[in-house]
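Subject: Structure handover

Hello,

Please find below the structure I said I would pass on.

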There are 2 protein chains.
Amino acid sequence: MASAKRDHLIDTALRLFGRDGYHAVGIDRVIAEAGVARMTLYNHFKSKDELILAVLHRRDERFRNSFMRQVERAAPDPKGRILATFDALDTWFASDDFTGCMFINAAAEYSDKNDPIHRTAREHKDLVVDYLRDLASKAGATDPDDLAAGLALLTEGAIVLAHVAGHKDAARKAKKAAEVLIRDAGL
Amino acid sequence: MASAKRDHLIDTALRLFGRDGYHAVGIDRVIAEAGVARMTLYNHFKSKDELILAVLHRRDERFRNSFMRQVERAAPDPKGRILATFDALDTWFASDDFTGCMFINAAAEYSDKNDPIHRTAREHKDLVVDYLRDLASKAGATDPDDLAAGLALLTEGAIVLAHVAGHKDAARKAKKAAEVLIRDAGL
DNA sequence: TATAAGATAGACAGATCAGTCTATATTGTC
DNA sequence: GACAATATAGACTGATCTGTCTATCTTATA
């Protein structure tokens, strides 16, 4: 299953799909960029859709191992971690290769809710909400579900405004709004 | 400039691009669905990109003449209109053919910030923020810019969670959060 | 009814798409 | 060194892509 070539293909495809989109990037470009033979790709992945799914799973895994860890390193307490979420977003938005959220973009191109790609995007977003709910709960919010929902809305909204509208201060604005919601939740 | 055929082509393309995305829908499908000859399309639009731009402009125009009007009909006062925004979102999300925001989806497929398509998406989002800022200002918010930013984040976040994650209550959750922000802004 | 503008079908170009196949070469393992 | 697994280049299919061209037909206007 796991192999160096496979790994490299996923990383290459992640970069290309992330920058130019899923339909716009063909198999030919992936293998050319990865420096790999055509059949190597098709020996590791049944189809382009399977490759996309592998890319999204890697992206999700990286979110857990990078974004979440960054938040956890930034603060020891749940409330601090909630706020640190928006600092992490700010860092992400400021990176040169920021092209929005690969899951939002995937759902844009695969709008059929039953498509495995759309489903994977949905699962990722549910994970984000679950994570925020856990933090809200541990922080002692009066209504953790409500606070998590509000924070998730601010998070996704920040991603959209940063990417689509180029609002470089989206994460900071979101943090300010989050502080209001947090206070309202009794924290 | 304006003609029945041209109009019909834009409407057809709007429906197809909205449902299946911009790269996934070819010219062939647009003309087949519109029941129009190939050259009729190319006589009205220089290229597919020009057609996409026309589609986005129509979508923007419809947003002003439908969404905004709906909000204005719902309440006479600025504060009421801010809240009515989220009711209008709720109605939109509940429609059968809801496939997210065409501008967010366009930015997903055309991530180059200088691409006219991406630029058009950005202009639309800026319009939304301007609209909210105007309402926040007229409502007498202590910091209209800040309130507008918070409301815009909730709006875009709701669109994303409704589309990507299928959260049917996204608009209602956003409204609850908006009420908190509005109260915090002194209204 | 004559004229001009717009629309038609369909062929065509040249590129690209996803995916299959083969025959050869490289690699790691015993 | 023998064997098996993996990777290679590249031909190939059949479909699809955007965009161009032509020759005919319809339609509205004057």
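Read along the sequence, chain A follows the pattern α-α-α-α-α-α-α-α-α. The count for chain A is 9 helices and 0 strands; helices (H or I, at least four residues) and strands (E, at least two) are DSSP runs, numbered from the N terminus. The C-alpha trace of chain A spans about 60 × 35 × 30 Å along its principal axes.

Two notes on conventions. This is a predicted model, in which local features need pLDDT of at least 70 and side-chain atom pairs count only at pLDDT 80 or more, while totals for chains, interfaces and linings use all residues. Residues are numbered from 1 along each chain as its sequence is written, and chains are lettered from A and ligands numbered from 1 in the order in which they are written.

The two copies

Two copies of a chain are related by a rotation about an axis and a shift along it.

In the interface, 42 residues of chain A are in contact with 42 residues of chain B (contact: C-beta atoms, placed from the backbone, within 7 Å). On the side of chain A that touches chain B, the elements giving two or more residues are α1 (4-20), α6 (102-109), α7 (116-139), α8 (144-163) and α9 (170-184) of chain A. α8(A) has the largest share of that side, 13 residues. By class, that side of chain A has 19 nonpolar, 11 polar and 12 charged residues. Ala, Val, Leu, Ile, Met, Phe, Trp, Tyr, Cys and Pro count as nonpolar, Asp, Glu, Lys and Arg as charged, and the others, Gly among them, as polar.

The DNA strands

DNA strand C is surrounded by 17 residues, and the closest are A:G26, A:I27, A:S47, A:K48 and B:T40. A residue is near a strand if its C-beta atom, placed from the backbone, lies within 6 Å of it. At least two residues each of the surface near DNA strand C are supplied by α2 (27-34) and α3 (38-44) of chain A and by α3 (38-44) of chain B. The largest share, 4 residues, comes from α3(B). This surface near DNA strand C has 6 nonpolar, 5 polar and 6 charged residues.

DNA strand D is also surrounded by 17 residues, the closest being A:K5, A:T40, B:G26, B:S47 and B:K48. The elements that give two or more residues there are α3 of chain A together with α2 (27-34) and α3 of chain B. Which helix gives the most to the surface near DNA strand D? α3(A) does, with 4 residues.

Helix packing

In chain B, α8 (residues 144-163) and α9 (residues 170-184) pack at an angle of about 165°, with their axes 9 Å apart. Axes are lines fitted to C-alpha atoms, for helices over the stretch in contact, and angles run from 0 to 180 degrees between N-to-C directions. That angle makes α8(B) roughly antiparallel to α9(B) (under 35 degrees is roughly parallel, over 145 roughly antiparallel, 65 to 115 roughly perpendicular and the rest oblique). The residues of this contact of α8(B) with α9(B) divide into 12 nonpolar, 3 polar and no charged.

The axes of α5 (residues 78-94) of chain B and α9(B) come within 8 Å and cross at roughly 165°. α5(B) and α9(B) are therefore roughly antiparallel to each other. Their contact has 10 nonpolar, no polar and 4 charged residues.

In chain A, the axes of α4 (residues 48-74) and α5 (residues 78-94) come within 8 Å and cross at roughly 125°. That makes α4(A) oblique to α5(A). In this pair, A:F67, A:Q70, A:V71, A:E72 and A:A74 of α4(A) meet A:R81, A:A84, A:T85, A:D87 and A:A88 of α5(A).

Regards

Conventions
Contact = placed C-beta atoms within 7 Å.
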